[in-house]
Amino acid sequence: LMSRVRDSESAALRANTSPSITSGEQRVISTFQRVSPSVAYIRSMQLGRDPLTMRSMEVPAGAGSGFLWDDTGHVVTNYHVVASALGHSVGGGRGGAPKAPPGGGGARGVHVTLQGAATQAAEIVGFEPEKDLAVLKIPSAALPPPIEISSSADLAVGQTVLAIGNPFGLDYTLTTGVVSALGRDVDGAGGRPIKGCIQTDAAINPGNSGGPLCNEWGEVIGINTATAVNAEGIGFAIPINKAKRAMKLLAAGRAVP
């Protein structure tokens, strides 16, 4: 399927490239336009009180990005983006399916917005703090196609990468760069390092956490998760091969061993 997509995109590039835009730039533009509709703005909420009426109300607690994992409405993001909606502080919580609090109600307070669509309430079906991953579920009707998932096994330093996100719901953003290093250990939200991360110089803005890191053809090779503290221009992503097995378990509401 992807080979047909690549062939059709290459043909379109040859036919439509503006004299002021190189073929490489046009490929990036085309990839961004195709992939961005499947990238989500995610806003987590927690219960607070209206200072005037003292009634319980939802208040914003965190924001980030995510992306469609499959055609049944599963959305991938970082655990730290939705931790407050689970009642966790970052660094706390145990993986698996959300447990209902006393009195019922379950995990709630996460809203997902896709390009050109109304904001939807999402269910948190699974999370794993140690891998900084969470899986949400939204209704699957009229969704854009999920982003193609690639492999992170054969990445090479110097390879072109694209970080796509929807920071703070303002607009979709694209930053580009290269794989700067492989096999980096990054402190995870669960308090233990996430091993084998991808280091990139593609800028990963705070609101881009949970969004996809793609190769130049728009296939996901990693999940953006962190920016190095006091080190401008260094970002990290969870390799997609590390996430695949975890995502399958989390989508089923099971803990990751």
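Is Cys197 buried or exposed? Cys197 is buried, because its relative accessibility is 0%. The model is a predicted one. The protein has 4 helices and 12 strands. Of its 257 residues, 46% are buried. Take contacts between residues at least 6 apart in sequence: 62% of them join residues at least 24 apart.

**Cysteines**

- Cys214 is buried too, with a relative accessible area of 0%.
- A search of the whole structure turns up 0 disulfides.

**The nonpolar cores**

- Nonpolar side chains tend to be buried together in soluble globular proteins.
- The largest nonpolar core here has 26 residues.
- Phe67, Leu133, Ile223 and Met247 have the most contacts inside this core.
- Six elements each supply at least two residues of this core: helix H2 (23-35), strand S6 (133-137), strand S9, strand S11 (220-227), strand S12 and helix H4 (240-251).
- H4 gives the most to this core, with 5 residues.
- Leaving out residues up to four places away in sequence, what does Ile223 touch? Its partners include Phe67, Val76, Leu133, Phe236, Ile238 and Ala243. Gly210 and Gly211 are also on the list.

**Strand S12 and its neighbour S9**

- S12 covers residues 235-239. Here 5 of the 5 residues are buried, so the strand is largely enclosed by the rest of the structure.
- S9 (residues 193-200) runs antiparallel to S12, and 3 bridges join the two.

- S3 pairs with S6 through 4 bridges, in the antiparallel sense.
- Val76 stands opposite Val135 in S6.

**Helix H2**

- How far apart are the end C-alpha atoms of H2? They are 18 Å apart. At 1.5 Å a residue, the 13 residues should span 18 Å, which agrees.
- An α-helix has 3.6 residues a turn, so residues three or four places apart point the same way.
- Gln26, Val28, Ser30, Thr31, Phe32 and Val35 are buried in H2.

**Salt bridges**

- The count comes to 2 salt bridges.
- Arg27 forms one with Glu216, and the closest N and O atoms are 3.9 Å apart.
- Arg27 lies in helix H2, and Glu216 lies in the loop between strand S10 (212-214) and S11, so the pair ties together parts 189 residues apart in sequence.
- Glu216 counts as partly exposed, because its relative accessibility is 32%.
- Lys195 and Asp185 also meet in a salt bridge, at 3.6 Å from N to O.
- Lys195 is in strand S9 and Asp185 is in strand S8 (residues 173-187), 10 residues apart.
- Asp185 counts as partly exposed, because its relative accessibility is 47%.

How values were computed: Residues are numbered from 1 along each chain as its sequence is written. This is a predicted model: local features need pLDDT of at least 70, side-chain atom pairs count only at pLDDT 80 or more; totals for chains, interfaces and linings use all residues. Side-chain values use heavy atoms; hydrogens and water are left out. Buried means under 20% relative accessible area, exposed over 50%, partly exposed in between (1.4 Å probe, protein chains only). Two strands pair if DSSP finds at least two bridges between them. A nonpolar core is a set of buried Ala, Val, Leu, Ile, Met, Phe, Trp, Tyr and Cys residues joined through side-chain atoms within 4.5 Å. Contact means heavy atoms within 4.5 Å. A salt bridge is a side-chain nitrogen of Lys or Arg within 4 Å of a carboxyl oxygen of Asp or Glu. A disulfide is a pair of cysteine sulfur atoms within 2.5 Å. The expected span of a helix is 1.5 Å times one less than its number of residues.
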